[in-house]
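We will go from stop to stop, picking out a few pieces at a time.

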Amino acid sequence: MRKAAIGKAMQPLGRVLIIAGSDSGGGAGIQADIKTVTALGGYAATAITAVTVQNTLGVSAVHPIPPQIITAQARAVLDDIGADAIKTGMLGDLAAVRAVAELLAGVAVPVVIDPVMVAKGGAALMESSAVAAVRELLVPRAALLTPNVPEAEALTGLAIASLDDQRRAAEVLLAAGAAAVLMKGGHLAGDRVTDLLITPASETAFEAERIVTRHTHGTGCTLASACATGLAQGLPLTEAVARAWAYVQEAIARAPGFGAGQGPLDHGWPLRGPA
Ligand SMILES: Nc1ncnc2c1ncn2[C@@H]1O[C@H](COP(=O)(O)OP(=O)(O)OP(=O)(O)O)[C@@H](O)[C@H]1O
Ligand SMILES: [Mg+2]
């Protein structure tokens, strides 16, 4: 039997280790991460940090995984399969943040850190006591940090209401040690949404008309995993982010409309061809 040709250009099979929480609804978290990495031609492995009971209407329970089991999953992957990039998402408490920071101290591959704090529906996914540890222990390990507006406000203490504010917050996070910051703009009001990619040497804006939809569950997880896939495949940072951003835009535009709340994206759109 002939192998099906999927996707236009073959990308190298970058290995991505994802350290994040499970979303039973499949729209965000580990499930979104695995779909994203796969859709973009990478190989996904995981260390699960928490099991959330979740659907499009919200999070109704969180079962944290013990820190030593989080670390053991990651080590089992790294010691055998290896990884070309790592992505971190939900880390529920201080112990999880510390355990992951310790793990990352021993790895050389690029790390995309999505400093997840609150779910789209409003549920807290990280204890507030862990915010300072994220800033001190994880931000300096980020090849790319991908905060949304409330997360950047929590990490910097700045209020963010404009593009200039986004830029200022990103600069504070660079000063805190991140190699690059993708300061997302989904939470700001307005007809257009702008994400700013800032490094010490450059600024790139990714801007589009806001898609009017309630189906934006997991956009942040999806974006960060798509960035990590690009880095794992050897794309330069700006290209990895540009491809990731375009992938998310199309995935939102093609959202299937599942659920009565904030529904999932269409992660598999590259497998189905033109809309
Ligand atoms: N309505 C929209 N139209 C177009 N792009 C959007 C929309 N909402 C979010 N995005 C894009 O989705 C990506 C994620 O941004 P957002 O600020 O929503 O992250 P987030 O809050 O971390 O998401 P999540 O709640 O899933 O964790 C960004 O690239 C942003 O520009
Ligand atoms: Mg997010």
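Before the first selection, a word on terms: helices (DSSP H or I, at least four residues) and strands (E, at least two) are DSSP runs, numbered from the N terminus. Axes are lines fitted to C-alpha atoms, for helices over the stretch in contact, and angles run from 0 to 180 degrees between N-to-C directions. This is a predicted model, in which local features need pLDDT of at least 70 and side-chain atom pairs count only at pLDDT 80 or more, while totals for chains, interfaces and linings use all residues. Residues are numbered from 1 along each chain as its sequence is written, with chains lettered from A and ligands numbered from 1 in the order in which they are written.

**Stop one: H2 and H3**

Select residues 67-80, helix H2, and residues 94-105, helix H3. Their axes come within 9 Å and cross at roughly 30°. H2 and H3 are therefore roughly parallel to each other (angles under 35 degrees count as roughly parallel, over 145 as roughly antiparallel, 65 to 115 as roughly perpendicular and the rest as oblique). Now show Pro67, Ile70, Thr71 and Ala74 on H2, together with Ala95, Ala96, Ala99, Val100 and Leu103 on H3: these residues make the contact (C-beta atoms, placed from the backbone, within 7 Å). Coloured by class, the contact has eight nonpolar residues, one polar and no charged. Here Ala, Val, Leu, Ile, Met, Phe, Trp, Tyr, Cys and Pro count as nonpolar, Asp, Glu, Lys and Arg as charged, and the others, Gly among them, as polar.

**Stop two: on to H4**

Which residues of H3 meet H4? Look for Leu94, Val97, Arg98 and Ala101, which meet Ala133, Val134, Leu137 and Leu138 in H4. This contact has seven nonpolar residues, no polar and one charged.

Stay on H4 and highlight Ala133, Val134, Arg135 and Leu138, which are buried (20 or more other C-beta atoms within 10 Å of a residue's own; exposed means 12 or fewer, and partly exposed in between, with C-beta atoms placed from the backbone). The cover over the buried residues of H4 includes H3, strand S5 (111-113) and helix H5 (149-156). Glu136, also in H4, is partly exposed, with 13 other C-beta atoms within 10 Å.

**Stop three: H1 and S1**

Next select residues 29-39, helix H1, where 10 of the 11 residues are buried. What covers the buried residues of H1 includes S1, strand S2 (43-55), strand S4 (85-88), H7 and helix H9 (269-272). Following H1 is Gly41, with a positive phi near 90°.

Then pick Ser22 in strand S1 (residues 15-23). Ser22 counts as buried, with 22 C-beta neighbours inside 10 Å. Leaving aside residues up to four places away in sequence, Ser22 touches Gly29, Ile30, Gln31, Ile48, Val51 and Thr52.

**Last stop: ligand 1**

Finally, centre on ligand 1. Of the 22 residues around ligand 1, Asn148, Lys184, Gly186, Thr219 and Gly220 come nearest (a residue is near if its C-beta atom, placed from the backbone, lies within 6 Å of the molecule or strand). Strand S8 (192-198), helix H7 (219-232) and helix H8 (237-253) are the elements that give two or more residues to this shell. By class, the shell around ligand 1 has nine nonpolar, nine polar and four charged residues.

Technical notes:
Contact = placed C-beta atoms within 7 Å.
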